[in-house]
Amino acid sequence: PGEDQALKEKLLQGLVEHRLKVQEAEREKIVADEGEVDVEFDEMMKRFKVSTRAEFDGVIRAQGLTVEEVRKRLREQLMAQKVMRRKVSLRVSVTEREIEQYVEENREKLETGLSFRARHILFVPKPEGTDAGWEAARARAEEVWAKVLAGEDFTELAKKYSQDPTAREGGDLGLLKRGELAPEIEGPILRASPGEAVGPVRTALGYHLFKLDWKESLSGDALTQAKQQIGNILYREKYQARMETWLEELKRRAVIEVRF
């Protein structure tokens, strides 16, 4: 019963809003000529897969309607579409600056799934869970970090000092997708520029030194495609907001009595 009532209210709201649009079109002296109605009528025939007007007339009568009633509805639909273009579509636009701002504010989310490759050197606190262990790990990390800053090869330092199984591969974490690693690890890595090392960074595992080898970025064709999608999203949001505002304006002007 609740679902039936909700459906009933939704249908009623749709009918009311359609009537308001048509009334606004009439107020604005917007019309649909017979040629435009003919085009829509022919499109309906195609959707019903009939080839002649006489055959379509039979389909219409079988629905308890007349041709004139159908043409009247098509005419009103065209009028509603025209007034919506004038009052809504033509008043909605998305600027390049708005798209750029969206990219700037959501770049991290937009870049989720892009690839990157990095290396790390891990220093594990021993004895585990003790302040002395953590302090010793930090001291070792800072000692090796000084070697990185002095220009020593990160890969060779990883092989020599890292306490992670990746030490054999020079600390190589392999090909990764953004979002795969824990944020406390991935964050410092991706904030670096390709070829840049960062550290020491403490996580639940110990202290790390990281080096970003390379990363994909939102640029070129990928950026162009993303901007196009963002533009479409922002347009739909603005269109919906403008449509709701316009309909509210119409409702305030109209007095509609609904009897169930």
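I began at Trp246. I set aside its neighbours within four places in sequence, and looked up what else Trp246 is in contact with. The list is Lys21, Glu24, Val83, Met84, Lys87 and Val88. I note here that this is a predicted model.

Next I looked up the largest nonpolar core. It has 25 residues. Which of them touch the most other members? I found Phe41, Phe56, Val70, Leu74, Met243 and Trp246. So I met Trp246 again in this list.

I checked which helix gives the most, and it is H4, with 6 residues.

I also looked up a second core, which is separate and has 13 residues. Among them are Phe123, Val144, Leu157 and Tyr207. My reminder on why such groups turn up: in soluble globular proteins, nonpolar side chains tend to be buried together.

I took E1 (residues 115-123) and E4 (residues 206-215) as a pair. They run antiparallel, and 8 bridges join them. Ile121 stands opposite Leu209 in E4.

I then turned to E3 (residues 197-203), which also runs antiparallel to E4. How many bridges join E3 to E4? I count 5. Thr203 stands opposite Gly206 in E4. E3 and E4 form a hairpin, and 2 residues lie between them.

Methods. Residues numbered from 1 in each chain as written. Predicted model: local features only at pLDDT ≥ 70, side-chain atom pairs only at ≥ 80, totals over all residues. Heavy atoms only, no water. Core = buried A, V, L, I, M, F, W, Y, C linked by side-chain atoms within 4.5 Å. Buried < 20%, exposed > 50% of the residue type's maximum accessible area, 1.4 Å probe, protein only. Helix = DSSP H or I, 4+ residues; strand = E, 2+ residues; numbered from the N terminus. Contact = heavy atoms within 4.5 Å. Pairing = 2+ DSSP bridges.
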